[in-house]
Amino acid sequence: MDDERYVELATVTDWEAVTASTYAGSLEILKPAVDALAAGGRSGDGLITFAIDVADAAATAERLRDAGHEVDEAPVWFEDRGVGFLEIFVRDAPSYFPFFITYDPPRAELGKTRAAYRKEHGIEQPLNPGDLVALLIRTPDPASEAHLLGELSGCTVDGTVVRLPGGEVRFEQGAPAGLYGFVVRGVDVPGGEIEIAGVTVRSEPD
């Protein structure tokens, strides 16, 4: 996880306990989307959203508010470790759209710290951990949603694909709408595509 591109899997088993958690603000915003997975008969399996790392989340929030969007800020800070981040949620965008995040210290510095720790303790990284290439979103209107994400993120839009730094988001026609999978490179995926816990994992040639 030294790179900015990674998949994070998490679950909540006690929502009451969440109210006292460091992540309480973020999870309160995400809970309706989590509940919607279960309501859709998917037993809570599947992807919820993703994050885009930005240099200044507070400035991003200001830019989006100036553009007329409804924005919530969720700061997270770990006092004992002296690290944290600020998350920015766009409330008038689809729930599967990204939130924006700025780490403190910056993500690149955190990656260097982890790499130095592994070197000091003789911990080896996998020889081929694979490469996250793209995120997959299914929607009835791929072109419009790609345009909206391009507007929110400030990234280039190519038809139904939004080009993020280091990867992309691919919008595809279909239902139900939502973030449903990701594309990887350098990983052996049987048959080129599998589903794990409601998530589609698709491989792409190098």
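Colleague: Hi! Which kind of contact do the side chains of Asp158 and Arg163 meet in?

Modeller: Hello! In this predicted model, Asp158 and Arg163 form a salt bridge through their side chains, at 2.8 Å from N to O.

Colleague: Are those two buried, exposed or partly exposed?

Modeller: Asp158 is partly exposed, with a relative accessible area of 45%. Arg163 is partly exposed as well, at 34%.

Colleague: And what does Arg163 do with Glu168?

Modeller: The side chains of Arg163 and Glu168 also meet in a salt bridge, this one at 2.5 Å, N to O. Glu168 is buried, with a relative accessible area of 15%, and its side chain forms a salt bridge with Arg170 too, at 2.6 Å, N to O.

Colleague: Is Arg170 buried or exposed?

Modeller: Arg170 is buried, its relative accessible area being 17%. Stepping back, salt bridges with shared partners link Asp158, Arg163, Glu168, Arg170, Arg185 and Glu204 into one network.

Colleague: Nice. Why can such side chains pair?

Modeller: Because side chains of opposite charge can pair when their charged atoms come close.

Colleague: How many salt bridges are there in the whole structure?

Modeller: The search over the whole structure gives 10 salt bridges.

Colleague: Let's switch to domains. Where are they?

Modeller: The domain assignment of the protein chain gives domain 1 at residues 15-121 and domain 2 at residues 131-204. Their C-alpha centres lie 19 Å apart.

Colleague: How many residues of domain 1 and of domain 2 are in contact?

Modeller: On the domain 1 side there are 18 residues, in contact with 21 residues of domain 2. Together the two domains bury about 1500 Å² between them, and 74% of that is on carbon and sulfur atoms.

Colleague: Which three residues supply more than any other three of the area that domain 1 buries against domain 2?

Modeller: Those are Leu47, Tyr96 and Phe97, which supply 42% of the area that domain 1 buries against domain 2.

Colleague: How many salt bridges are counted between domain 1 and domain 2?

Modeller: The count between domain 1 and domain 2 is 0 salt bridges.

Colleague: How do the residues of domain 1 that touch domain 2 divide into nonpolar, polar and charged?

Modeller: On the side of domain 1 that touches domain 2, 12 residues are nonpolar, 3 are polar and 3 are charged.

Colleague: One last topic, Arg202. Which strand does Arg202 lie in?

Modeller: Arg202 lies in strand β11, which covers residues 199-204. Arg202 is partly exposed, at 22% relative accessibility.

Colleague: What does Arg202 touch, leaving out residues up to four places away in sequence?

Modeller: With those left out, Arg202 touches Leu136, Glu172, Tyr180, Phe182, Val183, Val184, Gly192 and Glu193.

Colleague: Which of those side chains are in polar contact with the side chain of Arg202?

Modeller: Glu172 is one of them, with a polar contact of 3.3 Å between its side chain and that of Arg202. Tyr180 is another, joined to Arg202 side chain to side chain by a polar contact of 3.2 Å.

Colleague: How far apart are Arg202 and Glu172 in sequence and in space?

Modeller: Arg202 and Glu172 are 30 residues apart in sequence, and 14 Å apart in space from C-alpha to C-alpha.

Note on methods. Residues are numbered from 1 along each chain as its sequence is written. This is a predicted model: local features need pLDDT of at least 70, side-chain atom pairs count only at pLDDT 80 or more; totals for chains, interfaces and linings use all residues. Side-chain values use heavy atoms; hydrogens and water are left out. A salt bridge is a side-chain nitrogen of Lys or Arg within 4 Å of a carboxyl oxygen of Asp or Glu. Buried means under 20% relative accessible area, exposed over 50%, partly exposed in between (1.4 Å probe, protein chains only). Domain bounds come from an automatic or database domain assignment. Contact means heavy atoms within 4.5 Å. Buried area is the accessible area (1.4 Å probe) that two parts lose on being put together, summed over both. Ala, Val, Leu, Ile, Met, Phe, Trp, Tyr, Cys and Pro count as nonpolar, Asp, Glu, Lys and Arg as charged, and the others, Gly among them, as polar. Helices (H or I, at least four residues) and strands (E, at least two) are DSSP runs, numbered from the N terminus. A polar contact is a pair of N or O atoms within 3.5 Å; within protein, one must be able to donate a hydrogen and the other to accept it, and residues adjacent in sequence count only if both atoms are side-chain atoms.
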